[in-house]
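Me: I'm new to this one and would like a close look at a single part of it. Could you walk me through it in plain words?

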Amino acid sequence: MLKSGLKKILLVMLVLSMLVSLITGCQKTTSNGTTAATTTTAATTTAETTAAKPDEISLVVTELWPGVTYENFNKQHIEEKTNTKLKVTALDASTANQQLNVMLAAGDRPEIMHIGGLESYETNYVKDGLLLAINKYYDKYPNLQNRIQKTINMSKRDDGNVYTINASAGQDPWVPSYRKDWLDKFSLGIPQTLDEYMIVADTVSNKDPDGNNQKDTFAIGGSKTDFRFFNHIFAAFGVIPYYWYVVDGNVVNGTIQPGAKEALRTLNKLYTMKAIDPEFVTDTSKRVKEKYSQGKYGAFCYGTLCFDTFNTYGYYKPLHDSNPAAVWAYGPIPKGTGFNEKIGMQSLSEKGWQRTAICAAAKNIDAALRVIDWMCTDEGQMFTNYGLEGQHYTMKDDVVTITIDDAKRQEVGVTQLYLAQDVLNLHYSKEYQQAFDFASKLLTPMGNDGLDVPESKYLVELNNNSRTQYFKIITGEVPVDKGFDELLAQWKTLHGDELAAAYNAAYKAKNK
Amino acid sequence: MIPVTPRYNAKCKNNIRGKELLNLRANRNNSLKIVRRDKYLLLLLLPGIVYFIIFKYLPMGGLIIAFKDYSIFKGMWESPWVGFNIFREVFSSYDFLHIIRNTLLISIYKIAFGFPIPIIISLMLNEIRSRHFKRSIQTIIYLPHFVSWVVIYGIMLTILSPSYGILGDIYQMFGKEAPHMIANSRYIRSLLVITEIWKEVGWGTILYLASLSTVDPNLYEAAVIDGANKLRQVIHITIPSIMGVVVLLLILRIGSLLSAGFEQILVIQNDLTRPVIDVFETFTFRRGIELGNYSYATAVGLFSSVVSMILVVSADRLAKSVGEEGLL
Amino acid sequence: MRRGSRIPTILNYSFFVLMAILMLYPIWYVLMYSLSDPAKESLNNYYLIPDGFTLQTYLYVLKLPHIIIGYKNTIFVTVAGTAISLFLTVITAYPFSKKDLIGKKYFFGMMLVTMLFYGGVIPTYMVVRSLGLTDTLWALIIPNALSVFNILVMVKFFKGIPESLIESAKIDGYNDISILIKIVLPLSTAVLASIGLFYAVGRWNEYLSCALYITSREKKVLQVILRGMLTEDSLGAQTGQLGLTTTPHVLRMAAIIITLVPILCVYPVIQKHFMKGLLIGAVKG
């Protein structure tokens, strides 16, 4: 018995030691961030003669297509053009920020990296001296300067330097849109004033425009994640809610302007007359798209993609398939009291939701700059957006026709490495271009773009609270005047005034 | 060392200091004896301890960033010390008490309704005699556990939608309009509790059923012979047999009082219901993690851990004071 | 055997049939949805039957790059991880089930602290990295090998084994380890099956640690690959840049079914062991 007990101990220790050796054995495999076995020899053979050895740089980017390799034509071509060898580490989108932080904390210094999300991320990295001041290299890399010049006011930080580039630049404007076929049915035109809009709203909601004897249509629908659906009502009064913008040299937030109170009053009226889908509080944006495609909404702010007859992202076809008679048209912001031509719709940050930066302490800064510089050239832009002319697309009269299908695009890797991409819309239909141009004119730039102040930690709570109070007013849970006064009081408690003061000081300092 | 002989011991017995020395020596000898007696047990314990030290205690040094203004570049040690400032900032948030209130309300609701139900279900299932029926039911009821909250939210929209859902249709039959439950602060907490029970009750029966399966059937035979009816059998045999597991799970559940269902609430919340279902974890997520403010997140986590510790130890003591086995 | 009157039995059975229907609905919904035509998907649908039956979603998922690798990795992590975790849990739990283990209070306290206090993502990452485990599958197995919750549950079950059996074995000269292997384990199949299931399901669904530690494509796990195809969760969709892009919900549904099916296949095997843990004849012996 004792002997068998001893045997058991020996067995246990054997297993343990096996485990330990397995663990240590695995150390020999990669430590961090290697790619699959590369077969990119083809890229370097052509540039043999006078080429110096290609510079190896490492990139940490946010994965665009999960699971899809970066070892493809796209990467090879970039390497060829810039005489580099790219070691790409792709981070899963949902944890990219944490993962990047963790890698940086452990001492990694990739040449190029994607920084996502908030202004405060960039600020933190700059504070710690992690990022390279790109503007210092303008003479050597003029294309960089050209691209950044477009947004120089935003991109320049307090110390006068530029540390990041928008990795994927492009606006996504929304525009007041209407079911023109319904308007025609009741002999109404596209509303130009708020009064006209109210009549249209009532008609499309309550006069049974789809003729099925059911009250199942609304003027406005919304989702709980995107808040631009009501913007035309606010713009009618010259304000933009949950948004900082510049009026007469001052940075203000539309949420608390007097015009907002009147807009809320109007929205409450619309809600009471059943022109607003009550499910706007709980619907997801997918749900809104579905309801729009089923023909439930007739007069609200929605995306310009709805006008793309090429059906990119699937906004055009579903509506027209289920309602062949439907005609979707855009219109101007209906004018109300206090309407201001310069104040219209929200726009996205010019600095980008995803930015590209270079680590100051990286080994091969020159090569990194070289890559980004090439991507900023016209050739680089066209390549990033579409690939190579003749192989992946054809172009005639400024219209691009993509000649490969989605699967091949992924295989080739078009747009996969977006480091300084201006998102081009040359491949959309003419109708989309027109809608896009029209909507772009309505955009009001962000007032706090590129401004990072310590008080911006109050932003999220301010917006959350504003929305809650707004929705209470709109749905009638609290009366308009009382509700708005409460909102102003809450604004003070939540440091809204301090934030405004901070933004104003920073803005004025930047624009002396 | 002083030689220990019977004559020496006899001499020491009458000496107080000697008595102390004797005791110490006896204790030391006893301890060594016990260690030798338990040597295999301690050996078995060793890998676990090594694991805890490496993967739990070593990283625990990171808790220090709750007292620092953590900067990734400067690292843990170089970041400046700020003492309790971050804690002060957390506690003085205008909505801190409100958040705690929400968290406690929801958590207590969930424990009060959600904890007993798997137990009752297990007891009822235990009475089923058909093995096949029992097994199929067991498999079916734990399936919702694997459906993510995002999907369940979609199902909720489908069912509870006032315009298109089953609920809406039922109300329309009576000519009324259904309340928009998911957006209603008055219904939302109940909705949270009900959907969580729906999702987790099956999974929760696993341990209880496992426990019930270890009961010796001879005990039941003996009870029947003694004339006990079904109810008495359940009270005197079945329930005591799972009491240990019940108490353990209850103590642990109380320990995580501040967890009120992060993923569920994140998915289901909207702007009208947020004031009543914003809980500790969503608050932390917004203020700490989303903003990349690791010091804040760690400070809040530390606070939460301390509270959990107090709750667990108290619950354990309480259980022992009423005669139950506690955690161990 | 126990006898009961008819009415409670009928009530019992009908209650469970009702309950089963309620519980089955979400999975049924998911299954029917996954077999439906993506172009027709709608939240108005109750999905009692597929709306436009098609297998194209499953074909699409199974043709995803690296899906096979994802499966392979997940299976490895689940099997190896469960074995290692179960082994460690058993050998850690058994000593605690002994009333008079020396230093028990201190060991227990030390363990409890690790359950309640967490050092943080970055420090844990640093430890894992310094051991050279980053970007290996072992990073998904070792750092979270032991769950204190599972250990405590197992201790409870071990304590339920009659002292008399252990005493008589001790008298016969068996040491603790032999007792564990020859007596305690065979009588604990119910708890071993349960805890094994908990660990296995945990590994199978593991997502966060893979996202954190793994960067090479060939080591990614099934859940990461599946979640990746849902662009609604992607950064672009969240921040509104690609605010108008929405993937068909069917993908999410197919992902759930694909994740679930292997577990469903394994569970019946485990269920058998719930029945086996009976002290047949042990007390009499």
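Let's take chain B: into which domains is it divided?

Reply: A quick word on the ground rules. This is a predicted model, where local features need pLDDT of at least 70, side-chain atom pairs count only at pLDDT 80 or more, and totals for chains, interfaces and linings use all residues. Residues are numbered from 1 along each chain as its sequence is written, chains are lettered from A and ligands numbered from 1 in the order in which they are written, and side-chain values use heavy atoms, leaving out hydrogens and water.

Now to your chain. Chain B splits into domain 1, residues 6-43, and domain 2, residues 90-321; those bounds come from an automatic or database domain assignment. Taken over C-alpha atoms, the centres of domain 1 of chain B and domain 2 of chain B are 52 Å apart.

Chain B also meets chain C. That contact (heavy atoms within 4.5 Å) draws on 90 residues from chain B and 90 residues from chain C. On the chain B side, L44(B), F55(B) and L328(B) supply 9% of the area buried against chain C, more than any other three residues.

What about charges and polar atoms? Across the interface of chain B and chain C there are 2 salt bridges (a side-chain nitrogen of Lys or Arg within 4 Å of a carboxyl oxygen of Asp or Glu). E325(B) forms a salt bridge with K156(C), and their closest N and O atoms sit 3.2 Å apart. There are also 15 residue pairs in polar contact between chain B and chain C, with both residues at pLDDT 80 or more. A polar contact is a pair of N or O atoms within 3.5 Å; within protein, one must be able to donate a hydrogen and the other to accept it, and residues adjacent in sequence count only if both atoms are side-chain atoms.

Helix α3 of chain B, residues 39-60, gives the largest share of the side that touches chain C, with 18 residues. Helices here are DSSP runs (H or I) of at least four residues, numbered from the N terminus. By class, that side of chain B has 61 nonpolar, 20 polar and 9 charged residues, where Ala, Val, Leu, Ile, Met, Phe, Trp, Tyr, Cys and Pro count as nonpolar, Asp, Glu, Lys and Arg as charged, and the others, Gly among them, as polar.

How values were computed. Buried area = accessible area lost by both parts, 1.4 Å probe. Helix = DSSP H or I, 4+ residues; strand = E, 2+ residues; numbered from the N terminus.
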